[in-house]
Amino acid sequence: METANKNLAQLKIGQLAIIDSFTDKLMALKLLEMGCTPGELVKIDRIAPLGDPIAINVSGYMLCLRKAEASTILVSLLTTNI
Amino acid sequence: MKENQSFVDFSEKTSLKIALVGNPNSGKSTLFNALTGLNQKTGNFPGVTVDKKSGFVKLKEGQILAEFIDLPGTYSLYPKSIDETVAFEVLCNPNNEFHPDLTIIVADASNLKRNLFLVSQIIDLRIPVILALNMMDLVEKEGDVIDIIRLSEKLGVKVVGVSARNKGSLDVLKQALFEPLPVRQYDFINIKKLAPELIEKLSALINANSDFEAFQFINNFPQISFDNNNIDNKEKIVTLLSSPLIDRNKLQSEETVERYKVINRIVGECRIQKSAIKTKSFSNKLDSFLTHRVGGYIIFLIILFFIFQTIFFLSSYPMQWIETLFVSFSNIAAQNLPQGELTNLFVNGILAGLGGIIVFVPQIAFLFAFIAILEDTGYMARVSFILDKLMRKFGLNGRSVIPLISGMACAIPAIMSTRTISSWKERMITILTTPLMSCSARLPVYTLMISLIIPNDKITGFFNYQGLILMSLYMIGFIAAMAAALVLQKILKAREKSYFIMELPVYRSPQWRTVGLTIFDKVKSFLIDAGKIILAISVLLWFLSSHAPGNKIQIIEKKYETADMLKKYNDAERKLKISSEQLEVSYAGIIGKFIEPAISPLGFDWKIGIALVTSFAAREVFVGTMATIYSVGNSDNTQTLREKMYLEKNSSTGLPTFSVAVGFSLMIFYAFAMQCMSTLAVVYRETKHWKWPAIQFLFMSALAYISSFLVYQLLK
């Protein structure tokens with residue numbers, strides 16, 4: 001089950017989502033290179049103690065990024081676990 | 001698929017240049033260390049301050065001399081930073097002096113997808129490569145299986161599974177170098193489709209080896225240098241690539257998406273995975289402690305505290321041995337060598353200077369070992385992660401934490417490591433504040449002064465006051481750096497958006513070999529680089545402090561030879577009087593006396609003044625200078641420098657020269673003052689402007705003078 005139109009920064013720890021698209025062209029280049037490509041599954045792993053940045057599981061490894069950066073990634077939230 | 005491959009064979013060659021390239025955290029350096037061992041040397045790539053590690057190794061029963069070159073770690077071949085540009089140019093440009101015959105791409109098998117991105121780009125350059133699939137042990141531990149033969153078929157290149165812990169797998173890799181190597185002759189993705197006309201035209205102009213080389217040239221046009229081959233076509237190339245119609249962002253993002261599509265397919269065919277989302281349970285458990293919202297910070301502070309205690313506590317034993325050793329050297333030399341100028345130079349100039357510096361090798365070794373371990377285990381990335389938001393308040397970035405912490409070892413590599421910070425403003429602030437962190441060159445000054453003015457009493461068990469004071473000094477440096485950052489944040493203007501996208505590598509136990517090699521490398525360069533300066537200055541200082549204008553030296557000797565004086569003092573007292581009066585009239589004494597008015601408000605006498613002048617170029621000279629001055633001014637060779645300084649009395653008050661107030665004032669001065677030519681030079685190279693080192697020098701000197709003045713006036 002998918003619900004669309006959330007950005008990655010809005011997700012809670014443990015939630016899974018599929019990357020749809022990006023809202024910032026330059027940021028997208030960096031994210032793509034690090035394996036955040038459309039269609040890729042992401043999971044929120046950890047949120048830093050001060051609430052920012054966040055650590056996500058993507059393409060088989062852990063990547064950390066700031067909420068400002070995560071908010072440029074549009075995702076479809078998966079409501080069922082896999 | 002064979003028709004799409006050509007083969008190269010290196011088995012007949014006598015020398016071979018092999019480059020190692022791979023993602024950061026792929027274990028590339030570990031593999032490099034395993035391949036080259038102690039036969040490696042560190043230098044710079046010409047023209048840029050990018051560390052170049054290389055090592056010569058004999059392979060194939062000594063028939064082939066192989067030079068391994070460790071290229072900087074990079075996630076892709078887009079030359080965004082100097083490090084990546086170097087990697088790209090070495091691989092792409094056959095005229096580059098480091099262009100390899102063969103490239104070993106090191107990829108982390110447990111993180112296959114992202115690692116294959118760089119792999120696919122390098123394969124598309126159509127140069128001979130071997131893929132070393134590292135950390136196969138980790139993959140097995142997770143219960144996954146990677147079909148190496150299949151992967152090799154799909155990629156069209158040779159693939160060897162290795163793990164740095166398994167010596168046998170390294171032999172397989174070495175063996176593979178001399179088997180016929182397939183070179184893939186078709187593109188990973190349809191690159192030409194992305195910009196057909198442009199690629200065709202440019203390929204002809206630059207004589208490109210592959211479509212991807214032309215594509216990279218288009219995408220990174222202003223950054224990529226022209227090599228000798230296409231100088232004739234320079235104008236045509238510039239016109240072609242200056243077209244405003246080229247949308248480079250679009251080209252790059254299309255390329256990336258296409259590559260990952262192919263990679264996903266290949267990974268799907270070659271890897272059997274237990275689950276899509278890796279839990280990496282051990283790493284996860286550790287993370288829940290180390291990045292805990294309270295515990296994370298407490299653990300970080302405890303680790304720092306432990307490091308400082310260890311540096312003081314554990315290294316005190318080898319330091320005592322070294323001190324004792326040098327005292328006995330001096331004694332043997334003084335007793336057995338004929339009396340005269342040369343012996344005097346050797347004992348009081350060279351031996352005293354050398355002893356003063358070698359004694360700090362244990363502490364420096366420990367400090368570098370700890371920093372290497374923190375980096376190697378993946379903990380440093382977590383520290384960046386939990387501190388990013390805090391650092392942002394100071395105009396810094398989570399990535400600034402690594403330079404700031406490595407600044408405690410040495411500001412020079414620390415400043416070079418700021419390249420991972422992409423925002424100009426955050427990087428500048430990091431560069432300008434890092435030298436305020438107390439580096440290992442200040443350690444000798446701190447250690448010496450602390451041992452003079454702080455009693456060696458234990459608070460409880462392992463902890464003592466001396467370690468606590470040392471940690472406080474490091475804290476003061478850190479606080480000053482943060483305060484300076486706050487000021488700079490207001491002054492500097494941001495040029496681009498700041499960002500913080502960083503891999504959190506899986507925790508690994510440290511590679512002791514890497515740690516050992518780091519210690520060896522750093523201690524060696526400390527002894528050689530710093531040793532050269534210290535030795536030269538020691539000899540110069542010996543001359544300046546044992547010679548004086550005119551015949552003043554002889555006059556003083558004569559003065560004490562009168563019958564009157566011989567009756568008044570015994571031999572030892574007379575010797576001491578003579579040497580200290582001689583030092584006072586010597587050239588060094590004149591210099592010290594000249595600056596004394598300026599530094600006496602800080603509590604420093606003319607002898608400390610001499611040391612301040614000599615340590616202007618490098619702080620570590622301070623202790624050597626003190627050693628020389630006190631050897632010249634004191635003919636007793638059986639005392640260590642610390643004992644001599646402890647017994648030193650102020651000639652007018654009769655109180656110890658190194659009082660608590662003087663000791664603290666001196667330590668604060670060294671904590672803040674910019675006394676390092678090499679740091680200023682590296683700041684210039686990294687910022688490309690003399691303005692920045694100049695500002696840094698003036699600001700830090702003023703801060704040092706004012707703070708020392710306040711400390712001395714308050715404590716005296």
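Predicted model: local features only at pLDDT ≥ 70, side-chain atom pairs only at ≥ 80, totals over all residues.

Trainee: Which strand pairs with S5(B) in the antiparallel sense?

Mentor: Strand S4 (residues 51-59) of chain B pairs with strand S5 (residues 64-70) of chain B in that sense, over 7 bridges. Two strands pair if DSSP finds at least two bridges between them.

Trainee: And how does S2(B) run relative to S5(B), parallel or antiparallel?

Mentor: S2(B) and S5(B) run parallel and are joined by 6 bridges. Lys17(B) stands opposite Glu67(B) in S5(B). S2(B) is also joined to S6(B), by 5 bridges, and these two run parallel; there Ile18(B) stands opposite Leu102(B) in S6(B).

Trainee: What is the order of the strands in the sheet?

Mentor: The order is S3-S4-S5-S2-S6-S7-S9 (chain B), an open sheet of 7 strands with mixed pairing. Strand S3 (40-44) and strand S9 (158-161) of chain B each have a single partner strand, so one side of each has no neighbour in the sheet. From one strand to the next, the twist averages 25 degrees.

Trainee: Which helix lies across S2, S3, S4, S5, S6 and S7 of chain B?

Mentor: Helix H1 (residues 28-36) of chain B does, running at about 155 degrees to S5(B). H3(B) packs on the sheet as well, touching S2, S6 and S7 of chain B, and its direction makes about 165 degrees with that of S6(B). Angles run from 0 to 180 degrees between N-to-C directions, and axes are lines fitted to C-alpha atoms, for helices over the stretch in contact.

Trainee: Changing topic, how many residues of chain B are in contact with chain A?

Mentor: 31 residues of chain B are in contact with 33 residues of chain A; two residues are in contact if their C-beta atoms, placed from the backbone, lie within 7 Å. H10(B) gives the largest share of chain B's side, 6 residues.

Trainee: Which strand of chain A is joined to S14(B)?

Mentor: Strand S5 (residues 61-65) of chain A is joined to S14(B) by 3 bridges, and the two run antiparallel. Cys64(A) stands opposite Met502(B) in S14(B).

Trainee: Where in chain B is confidence lowest, and where is it highest?

Mentor: The lowest is in strand S12 (residues 458-460) of chain B, at a mean of 68, and the highest is in strand S6 (residues 102-108) of chain B, at 94. Here pLDDT is the predictor's confidence in each residue, from 0 to 100. Chain B averages a pLDDT of 83, and 94% of the residues score at least 70. The model scores ipTM 0.92 and pTM 0.80.

Notes:
Residues numbered from 1 in each chain as written. Chains lettered and ligands numbered in written order. Helix = DSSP H or I, 4+ residues; strand = E, 2+ residues; numbered from the N terminus.
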